[in-house]
Amino acid sequence: MTTTLTPPSEKSDLRQRRIIGMSVWTVVFAVGTYFIGVPTSDPLIAFGWLWLATVAWNNHWPIKRHLLFLRDWLPISLLLIVYNVSRGYADDLFAPHVHELIDTDRFLWGWLTGGEVPTQWLQHHLYRPGVVQWWEVVVSLVYFSHFLTVPTIAVLLWMRSRAQWARFMRRWFTLCVIGLVTYFLYPAAPPWWAAEPEHGSLIAATRISTNGWDAIGLHGAGNTLNALQVEASNPVAAMPSLHTAFAMMAVAFFLPYVRRRWWPLLLAYPLAMTFTLVYSAEHWVIDVLVGWAYVGLVFLAVGAAERRWTARHELGSTP
């Protein structure tokens with residue numbers, strides 16, 4: 001067997017092309033984020049940015065190979081658009097639930113918080129109206145990461161292994177579907193909704209997931225995300241928390257491939273997302289726990305389906 005080695009000059013040229021390409025992409029993305037806002041609500045925009053990133057990184061590829069991205073990702077993007085649009089109608093069938101969520105969080109954590117729900121307790125100790133704390137910058141960044149982490153992982157898998165990409169996408173899309181079904185069957189109000197006077201001021205809390213943007217000069221990004229939270233989302237789609245479910249899925253997918261000593265580092269991300277969502281009044285703790293349970297169910301169900309498919313295919317190919 002003959003092994004083909006890449007000459008050092010070609011490696012150096014490829015490295016230089018990638019540095020230039022990614023530098024250009026980074027500048028364009030930063031300018032776009034500053035003036036247009038963060039790519040959050042529209043999957044086509046998010047995947048457009050990621051596609052340009054693959055073009056910048058692999059600018060030595062022929063055009064036909066770059067177009068394969070559109071072939072593989074356009075159907076997925078369209079399905080996610082349908083998901084986003086239908087999610088906005090998920091509260092039309094039943095009245096939103098909120099009292100049982102408050103009672104559940106108090107039952108689970110009241111012994112530690114003096115009878116308060118965790119969101120109210122955290123804001124009582126950490127939040128200062130009119131002042132952006134340094135951890136709120138971290139909170140805003142972690143919150144925003146929800147919109148890019150899973151797509152970015154999916155794109156990296158697509159470039160490295162289409163089979164692994166397909167496994168990842170099956171789990172991601174199944175999680176979206178069962179989350180959407182739950183939104184229709186069980187519309188649930190988040191803490192910030194429960195705190196509004198028109199809903200009875202059931203708790204004392206403020207929605208602060210985008211507070212940190214101002215501290216780092218991204219006013220446009222924060223304003224865009226605020227507008228999307230009001231106009232382009234379902235205000236009573238708290239159960240389950242797909243923010244933490246996506247974060248846990250992104251980590252759980254890779255746990256079998258890394259040594260256990262690295263697991264705490266990986267699991268720090270879904271835990272950081274949990275703190276972010278509870279502290280910023282976006283979700284109850286019970287939403288997070290149900291989201292994690294959904295991830296477990298999806299991995300079990302999709303994994304079993306894949307094994308059955310593989311066994312049937314192998315049996316059918318046996319002479």
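Ser 145 belongs to helix H6, which spans residues 134–145; helices here are DSSP runs of H or I with at least four residues, and strands are runs of E with at least two, numbered from the N terminus. The model is a predicted one, in which local features need pLDDT of at least 70 and side-chain atom pairs count only at pLDDT 80 or more, while totals for chains, interfaces and linings use all residues. Residues are numbered from 1 along each chain as its sequence is written, and side-chain values use heavy atoms, with hydrogens and water left out.

With a relative accessible area of 16%, Ser 145 is buried, since buried means under 20% relative accessible area, exposed over 50% and partly exposed in between (1.4 Å probe, protein chains only). Apart from neighbours within four places in sequence, Ser 145 contacts Tyr 269 and Met 273, a contact being heavy atoms within 4.5 Å.

The axes of H6 and helix H13 (residues 263–279) come within 9 Å and cross at roughly 110°. Axes are lines fitted to C-alpha atoms, for helices over the stretch in contact, and angles run from 0 to 180 degrees between N-to-C directions. H6 is therefore roughly perpendicular to H13; angles of 65 to 115 degrees fall in this class, those under 35 count as roughly parallel, those over 145 as roughly antiparallel and the rest as oblique. On the side of H6 the contact is made by Trp 135, Glu 136, Val 139, Val 142, Tyr 143 and Ser 145, and on the side of H13 by residues including Tyr 269, Met 273 and Phe 275. The residues of this contact comprise ten nonpolar, two polar and one charged (nonpolar: Ala, Val, Leu, Ile, Met, Phe, Trp, Tyr, Cys and Pro; charged: Asp, Glu, Lys and Arg; polar: the others, Gly among them).

The largest nonpolar core contains 33 residues, and Trp 73, Phe 168, Met 169, Trp 172 and Leu 175 have the most contacts inside it. Such a core is a set of buried Ala, Val, Leu, Ile, Met, Phe, Trp, Tyr and Cys residues joined through side-chain atoms within 4.5 Å. H8 gives the most to this core, eight residues. Beyond four places in sequence, the contacts of Leu 175 include Leu 242, Phe 246 and Tyr 294. A separate core of 18 residues has Ala 188, Ile 203, Val 236 and Ile 286 among its members.

Overall, the protein has 14 helices and zero strands. Of its 319 residues, 43% count as buried.
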